Amino acid sequence: MSADIINCVPNLSEKRYLELGVHKKVTFNQIQAKEKVSVDIENPADYIMSTDDFFNKLRITNTCKKFDVIYIDACHEANQAIRDFNNSIDFLASNGYIFLHDLIPPDENHIKQEFCGNSYKILYYLWTHFNHFRFYPLDIKEGNYGLTVFIHPIDKLVILDEYVSYGEFKETLTNHMLYSMERLKEIVRNS
């Protein structure tokens, strides 16, 4: 499902793609990019290491290559996901895309680390503090846990230090627009 939206990025077949957290490479294998790189701490990937170590390696080796599309589905702890997002900004090509997965747990059971964790806090803070980002969350009715696309982001996120309960998030969720699969594909295609 994530691959369907990512594959709508204009001229993806000519772009560089990075996937952080590959699990069984379901999404990774479906992406139709010119060059693909995968990172995972334990699953088969091009780089078997933490995302922090991967970005540090890029910095140490002075790698100047930029990725056009970055899909983040590694650790679902909010501050780590923010670090992944911020590190991605450093290696994102101009007019690039970041896709961040698991920002809308469907119920309180899904805030466990093995599901969506507490990464819902990111979406909460985007809605309440950082509304200058161009971001579009997929409605969970589409069978996804809040895949969110950031179109041409240049700013970094702030590490979260406030407590936000899942209940506060759900209350805020009802006041914001979520996008259907078709509408999100259209937004990505026309960006």
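Biologist: Where does N144 lie?
Modeller: N144 lies in the loop between β6 (135-137) and β7 (148-151), where helices (H or I, at least four residues) and strands (E, at least two) are DSSP runs numbered from the N terminus. This is a predicted model, in which local features need pLDDT of at least 70 and side-chain atom pairs count only at pLDDT 80 or more, while totals for chains, interfaces and linings use all residues. Residues are numbered from 1 along each chain as its sequence is written, and side-chain values use heavy atoms, with hydrogens and water left out.

Biologist: Is N144 buried or exposed?
Modeller: N144 counts as buried because its relative accessibility is 6%; buried means under 20% relative accessible area, exposed over 50%, and partly exposed in between, with a 1.4 Å probe and protein chains only.

Biologist: And what does N144 touch?
Modeller: Not counting residues up to four places away in sequence, N144 touches M1, S2, H101 and L138, contact being heavy atoms within 4.5 Å. A polar atom of the N144 side chain also lies 3.4 Å from the backbone nitrogen of L147.

Biologist: Switching to K185, which helix is its place in?
Modeller: K185 is in helix α7 (residues 181-189), and because its relative accessibility is 16%, K185 counts as buried. Leaving aside neighbours within four places in sequence, K185 is in contact with D4, I5 and C8.

Biologist: Now pockets: what volume does the largest pocket have?
Modeller: The largest pocket has a volume of about 730 Å³, and of the 34 residues that line it, G21, H23, D73, A74 and H76 are the closest to its centre. On a 1 Å grid over the protein atoms alone, a pocket is an open set of points with protein on both sides within 12 Å along at least five of seven lines, a cavity is a set where a 1.4 Å probe fits but cannot get out, and lining residues have an atom within 4 Å of a point. Grid points are joined across faces, edges and corners, and a volume is the space filled by probe spheres set on the points.

Biologist: How do the residues of that lining divide?
Modeller: The lining of the largest pocket has 12 nonpolar, 13 polar and nine charged residues; Ala, Val, Leu, Ile, Met, Phe, Trp, Tyr, Cys and Pro count as nonpolar, Asp, Glu, Lys and Arg as charged, and the others, Gly among them, as polar. At least two lining residues come from each of α2 (26-30), β2 (35-40) and α3 (51-60).

Biologist: How many cavities of 30 Å³ or more are there?
Modeller: The search of the whole structure finds one, and the residues lining the largest cavity include D73, A74 and H76.

Biologist: Last topic, how many aromatic pairs are found?
Modeller: There are 14 in the whole structure, and Y120 and Y166 form one that is edge-to-face, at 5.8 Å centre to centre and 85° between the planes. Rings of Phe, Tyr and Trp (its six-membered ring) pair if their centres lie within 6.5 Å, and planes under 30 degrees apart count as stacked, over 60 as edge-to-face and the rest as tilted. The pair links distant parts of the chain, with Y120 in helix α5 (residues 120-128) and Y166 in helix α6 (residues 166-173), 46 residues apart.

Conventions. A polar contact is a pair of N or O atoms within 3.5 Å; within protein, one must be able to donate a hydrogen and the other to accept it, and residues adjacent in sequence count only if both atoms are side-chain atoms.
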